[in-house]
Amino acid sequence: MELRLQLTLAILKPHLVSNPFAVKEIRQLLLKNQFNVIKWKKHRISMEEASKFYEEHKKKFFYNRLVTFVTSGPSEMYILAKINAINDWRRLMGPTKVFKAQFEAPNTIRGTFGLSDTRNATHGSDSDESAKREISILFPDFNYDLWFKMEEESFRMEKVDFIENEFVHKKRLLIN
Ligand code: ADP
Ligand code: MG
């Protein structure tokens, strides 16, 4: 197991964000599972962002409905940090296909809140490389490499505070 923290990008897709109950549930799930919330925003993904983000799926039959859906209203996107963040978040999400999720993993996010294979509630990066690429598309001001250089250790050592009203964890500032 890797000892360094890992960053991942989680997205709550539009149909989920329109359900405040679901958002609340998922936020509680993040905290309960010890994810650090590095940065988040509510943002309607533009067609330009969506086409970059889902580039690998351009040739797939579901591409058009996918980009139409994710640009249809605001999403919430979160940069999360944890040891094994990528797999842990994907495990909480459950299988990509909602009908499979409902059948095989009903307690996962997709099993609970997914509506169809397209409207499957959430996104999670599938590798470090994807996380870095996806974060750069949706958080162009966030410097992935600099975060590891300047912040990772503090988060790993739990020298952080949770700012409840901002729903974010911040490096503790030590005043001597
Ligand atoms: P994941 O989101 O689990 O990483 P993929 O990267 O394979 O899954 O697919 C990206 C997104 O495309 C999925 O989250 C889902 O919204 C959509 N999608 C994937 N497969 C299908 C499908 N067979 N039919 C409709 N939409 C799909
Ligand atoms: Mg994927």
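The model is predicted. Helix 2 runs over residues 20-32, and the largest nonpolar core has 27 residues.

**Helix 2: length and end**

- The buried residues of helix 2 are Ala 22, Val 23, Ile 26, Arg 27 and Leu 30.
- Seen down the helix axis, these buried residues fall within an arc of 135 degrees, so they line one face of helix 2.
- An α-helix has 3.6 residues a turn, so residues three or four places apart point the same way.
- Phe 21, Lys 24 and Lys 32 are exposed on the other side of helix 2.
- The cover over the buried residues of helix 2 includes strand 1 (6-12), strand 2 (36-43) and strand 3 (75-82), along with helix 1 (14-17), helix 5 (85-93) and helix 7 (109-113).

**Nonpolar cores**
- In the largest nonpolar core, the residues with the most contacts inside it are Leu 7, Leu 9, Leu 138 and Trp 147.
- Two or more residues of this core come from each of strand 1, strand 3, helix 3 (47-53), helix 4 (63-70), helix 8 (128-138) and helix 9 (144-150).
- Helix 4 gives the most to this core, with five residues.
- A second, separate core has 21 residues, including Phe 35, Trp 89, Phe 113 and Val 168.
- Leu 9 touches several residues, among them Phe 53, Met 77, Ile 79, Ile 135 and Leu 138.

How values were computed:
Residues numbered from 1 in each chain as written. Chains lettered and ligands numbered in written order. Predicted model: local features only at pLDDT ≥ 70, side-chain atom pairs only at ≥ 80, totals over all residues. Heavy atoms only, no water. Helix = DSSP H or I, 4+ residues; strand = E, 2+ residues; numbered from the N terminus. Expected span 1.5 Å × (residues − 1). Buried < 20%, exposed > 50% of the residue type's maximum accessible area, 1.4 Å probe, protein only. Arc of directions from axis to C-beta. Contact = heavy atoms within 4.5 Å. Core = buried A, V, L, I, M, F, W, Y, C linked by side-chain atoms within 4.5 Å.
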